[in-house]
Amino acid sequence: MLKFYAGFCICFLAVGLWASDTSSVHWGYGKNDGPKNWGDLDKQFALCKVGKAQTPIDIIPSQTKKTKQNIVFAYDEKTQTITNNGHSVQVDLKDSASSLQFNNTTYELVQFHFHTPSENHINGVAYPLEAHFVHKNAKGGLLVVSVLYKEGAENKALDKIIKDLPKTANSSKKFQKFDIQSLLPESKGYYEFVGSLTTPPCSENVQWVVMKTQPEVSSKQFKSLESVLHHNARDIQPLNKRVVKSTEE
C-alpha cells in the first residue's frame, strides 16, 4: 500500500506512500468509500477500476515460472517515526542506509506498514497480517516486499511496534532504533510479479516480491494491530495473463 512509482516525483516519498497525502478525496475501506468504489471517487483513481496489472493477487504456486533467487537485504536500525495515518500504521525512515539489491538494482527502503488481514493470498489463503516494505531506486521506480504472517507463536519483533503504535488516526510519534530485519523470515525464497499500488491511485509498474515463508504472529498480537488498523485490505485483483515467478528456495 503505497503510493508512488516510476514517474512519480521523489517529493511524494517525503510525505509517505499514501494517496491521502496528495488528494483531498476521501477514500477508505467502507461500503461507500472502499476498494470497489475507488475508481469512481476521483478521475485520478481510474486505474483502481480499469487497470490490468493490479495488486493484490492470489498466488498459485503450481502456476508460477521458476526463476533464480537474486535479492540481498541490507537493513539497519535507523527508523524515525511511527504514524497512524488513518489507513495503516506506517514506520518511516530517515538518513537510513537500509536497502536491498534486486536483479542487480539497488532500492532504498523508505517505509513499511501493515494490513489486516493480508492483501495478497497464496493458494486462495488469506493470512491475518501482511507487512509491506516500500523501496525506491535511483530512477524513482518502486519495489514492495511483502511478508505474510500466519497465526502461531508470539512474534517478539512486533512487540515494540504494537506497544508504540499511535491509537488515534493522523498522529505519530518518535520510533527509533528498530531492527527491521527481524520482521523478515529467515528463508529468503520469494514470488515476484509486476503489479500496482494497493491504494489509490493504484498506479502500476510496481515490482512486487512476496516472501514464501510466513513468520508467526500470535492471535493476541494481530488482534491488537487489527483493533487499530481495522480491515484495511483491498480485494484480490485479476492476474490478466501476468507471469508470477518463483524461486527454488
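Which residue in β13 is the bridge partner of G195? In this predicted model, where local features need pLDDT of at least 70 and side-chain atom pairs count only at pLDDT 80 or more, totals for chains, interfaces and linings use all residues. Residues are numbered from 1 along each chain as its sequence is written, and side-chain values use heavy atoms, leaving out hydrogens and water.

The partner of G195 is V206. Helices (H or I, at least four residues) and strands (E, at least two) are DSSP runs numbered from the N terminus, and two strands pair if DSSP finds at least two bridges between them. Strand β12 (residues 190–196) runs antiparallel to β13, joined by seven bridges. On β10 (residues 142–151), the pairing with β13 is parallel, over four bridges, and L143 has Q207 as its bridge partner in β13. Of the eight residues of β13 (204–211), seven are buried, where buried means under 20% relative accessible area, exposed over 50%, and partly exposed in between (1.4 Å probe, protein chains only).

Turning to charged pairs, a salt bridge is a side-chain nitrogen of Lys or Arg within 4 Å of a carboxyl oxygen of Asp or Glu; the count is four. One of them links K36 and D235 at 3.6 Å, N to O. K36 lies in the segment before α1 (38–41) and D235 in the loop between α4 (219–229) and β15 (245–247), so this pair ties together parts 199 residues apart in sequence. K36 is exposed at 68% relative accessibility, whereas D235 is partly exposed at 29%. Another joins D40 and K49 at 2.9 Å, N to O, both residues being exposed.
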